[in-house]
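Subject: Structure for you to look at, with notes

Dear colleague,

Please keep the viewer open while you read.

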Amino acid sequence: MANYFNTLSLRDKLTQLGKCRFMDSSEFADGVNALKGKKIVIVGCGAQGLNQGLNMRDSGLDIAYTLRDAAIKEKRQSFINANENGFTVGTYEELIPSADVVINLTPDKQHTAVVGAVMPLMKKGATLSYSHGFNIVEEGTQVRKDLTVIMVAPKSPGSEVREEYKRGFGVPTLIAVHPENDPEGKGLEQAKAYAAGTGGHKAGVLESSFVAEVKSDLMGEQTILCGLLQTGSILCFDKMIEKGIDAGYASKLIQYGWETITEGMKYGGITHMMDRLSNPAKIKAFELSEELKDIMRPLFQKHMDDIMTGHFSKTMMEDWANDDKNLLTWRAATGETAFEKTPAGNQDITEQEFYDNGVLMIAMVRAGVELAFEAMTESGIIAESAYYESLHETPLIANTIARKKLFEMNRVISDTAEYGCYLFDHACKPLLTGFMKNIDTDVIGKNFSENMDNDVDNAKLIAVNKALREHPVEIVGARLRESMTAMKPIV
Ligand SMILES: NC(=O)C1=CN([C@@H]2O[C@H](COP(=O)(O)OP(=O)(O)OC[C@H]3O[C@@H](n4cnc5c(N)ncnc54)[C@H](OP(=O)(O)O)[C@@H]3O)[C@@H](O)[C@H]2O)C=CC1
Ligand SMILES: CC[C@](O)(C(C)=O)C(=O)O
Ligand SMILES: [Mg+2]
Ligand SMILES: [Mg+2]
């Protein structure tokens, strides 16, 4: 099998990377009808499997789970997830032959083996679905020609796919039909119905391609979504401890701070997140973020380049072949960081205090979102997709950190995202050493504007506001958020 993307001509690469159409809500008027009464069997019941299945069942679809034999016999967590939620659970042989749609929600590393095992059992004309296109795009898996191959990729951790659905909203979702496998032309209707079943249509759906999903998804998760939140958590915590801030307070400010400040961003973009600061603090956050952007730009570009060329996927697959040695070592090391080991204190921190005492965190979020967005769009990824992968998803990942810190984030995200997160983190921390030397508690841990009058240079403030508001991520974001009428506050 060869990297599918690398087999394409330059023209085809650009066409598939640029395939991205924001779908009008009227296109979902038929709801889940195209899948109503069809037998839908999900392979795997982990982060995405369980939560997508719960949403689809609540939306009126017929969902069952198939697990590998050992998981059923040993009543592993995946079996417990499905069984305790009242789903039918069976072996591949029991459930796959009668399935109209088989949804592969196993880890990317397992896809070649899983698809190899289920494909011969699938009935003629059935549909195989993915939530991430790594197996098709980076590994070049070829699927039987009578099968339809679709993708419904929530731009969110599985836990938040469920939480947003329960709030009456959803998460932005990319849908795609693999051009090599749409023999009956039914792929798009099924993908739309599936996205409606998960609630994705309430947040926004992009009709895209496997290629565009993979290249943008890998970039988002490695950089702003997970990598930078991990780096920022560790660096901000260590700085506060070095400067004598109470450890419990520092731990709490970071654990819940990302969620609070990015919730503001989810509602009103970077502009609104920055507007929550006093004027002097906003100018300071802007200056810090400009400096951060200059330092980190080459690293963001390297991640994008390595993703595009296939270097990233090749090296990660080498780790798969080496029993995940790197992944497991890096996971263990993260668990040993002082931030992870220090419980949040019981101080009360008001919503506003998270902004006022977290100026550096805000600067990191702005720098990371803009850099990820810029690197993606410069490489041919469409702005709407880059927005979901950078700005909109950051708060959804931050929600997981608020629950149980980096451990929870790395548990809930895919192993692929976790691997890329550590790669970025390990390269980013040393890059920021010099920058962090100049950081003091005025921008992390204490209120920047305390004991300060609110005077600012008007011309400077106008220039800062203009730069923030005119960034392309803000322009596309304002338009996309207009259709997010069902979004509910969580902080
Ligand atoms: N995590 C997330 O939030 C997101 C994930 N995705 C994508 O969704 C897909 C699923 O990822 P995720 O939900 O993280 O996966 P998880 O690791 O959470 O779930 C894995 C599930 O697959 C089963 N499984 C593992 N290995 C095998 C195997 N060899 N054969 C059969 N079943 C197996 C596990 O069961 P058991 O080990 O008990 O057999 C478990 O039920 C991936 O393609 C990922 O990229 C997309 C968006 C976000
Ligand atoms: C965090 C990245 C993600 O792509 C996701 C939750 O959307 C993943 O692979 O887990
Ligand atoms: Mg993703
Ligand atoms: Mg991913």
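This is a predicted model: local features need pLDDT of at least 70, side-chain atom pairs count only at pLDDT 80 or more; totals for chains, interfaces and linings use all residues.

Residues are numbered from 1 along each chain as its sequence is written, and chains are lettered from A and ligands numbered from 1 in the order in which they are written. Helices (H or I, at least four residues) and strands (E, at least two) are DSSP runs, numbered from the N terminus.

**The strands around β5**

Strand β5 (residues 101–104) pairs in the parallel sense with strand β2 (residues 39–43) over 4 bridges, and two strands are said to pair if DSSP finds at least two bridges between them. Ile42 has Ile103 of β5 as its bridge partner. β5 also pairs with strand β6 (residues 127–130), again in the parallel sense and over 4 bridges. In a regular strand the side chains alternate between the two faces of the sheet. Both faces of β5 are covered, since Val101 and Ile103 on one side are buried, as are Val102 and Asn104 on the other; here a residue is buried if 20 or more other C-beta atoms, placed from the backbone, lie within 10 Å of its own, exposed if 12 or fewer, and partly exposed in between.

Leu105 is found in the loop between β5 and α7, and Leu105 counts as buried because 23 other C-beta atoms lie within 10 Å. Leaving aside neighbours within four places in sequence, Leu105 is in contact with Ile42, Val43, Gly44, Gly46, Gln48, Gly49, Gln52 and Ser131, where contact requires C-beta atoms, placed from the backbone, within 7 Å.

**The nonpolar core**

The largest nonpolar core has 149 residues, and Ile40, Val102, Val359, Leu360 and Ile362 touch the most other members. Such a core is a set of buried Ala, Val, Leu, Ile, Met, Phe, Trp, Tyr and Cys residues joined through C-beta atoms within 7 Å. Helix α11 (residues 210–242) gives the most to this core, with 16 residues. Not counting residues up to four places away in sequence, Ile40 touches several residues, among them Leu35, Met56, Leu61 and Ile63.

**Two domains**

The domain assignment gives domain 1 (4–208) and domain 2 (213–482), with bounds that come from an automatic or database domain assignment. Their C-alpha centres lie 29 Å apart, and the contact takes 31 residues from domain 1 and 26 residues from domain 2. On the side of domain 1 that touches domain 2, α9 gives the most, with 3 residues, and the residues of that side divide into 17 nonpolar, 9 polar and 5 charged. For these classes, Ala, Val, Leu, Ile, Met, Phe, Trp, Tyr, Cys and Pro count as nonpolar, Asp, Glu, Lys and Arg as charged, and the others, Gly among them, as polar.

In β8, 5 of the 5 residues are buried. β7 and β8 run antiparallel and are joined by 5 bridges, with Ile150 opposite Val177, whereas β8 and β9 pair in the parallel sense over 4 bridges, with Ala176 opposite Ser208.

**The two ligands**

Of the 28 residues around ligand 1, Gly44, Gly46, Ala71, Ser78 and His132 come nearest; a residue is near a molecule if its C-beta atom, placed from the backbone, lies within 6 Å of it. α3 gives the most to this shell, with 3 residues, and by class the shell around ligand 1 has 13 nonpolar, 12 polar and 3 charged residues.

The residues around ligand 2 include Lys155, Asp217, Glu221, Ile397 and Thr416. α11 gives the most to the shell around ligand 2, with 4 residues, and that shell divides into 6 nonpolar, 3 polar and 3 charged residues. The shell around ligand 1 draws at least three residues from each of domain 1 and domain 2, and the shell around ligand 2 likewise draws at least three from each.

With best wishes

Technical notes
Two residues are in contact if their C-beta atoms, placed from the backbone, lie within 7 Å.
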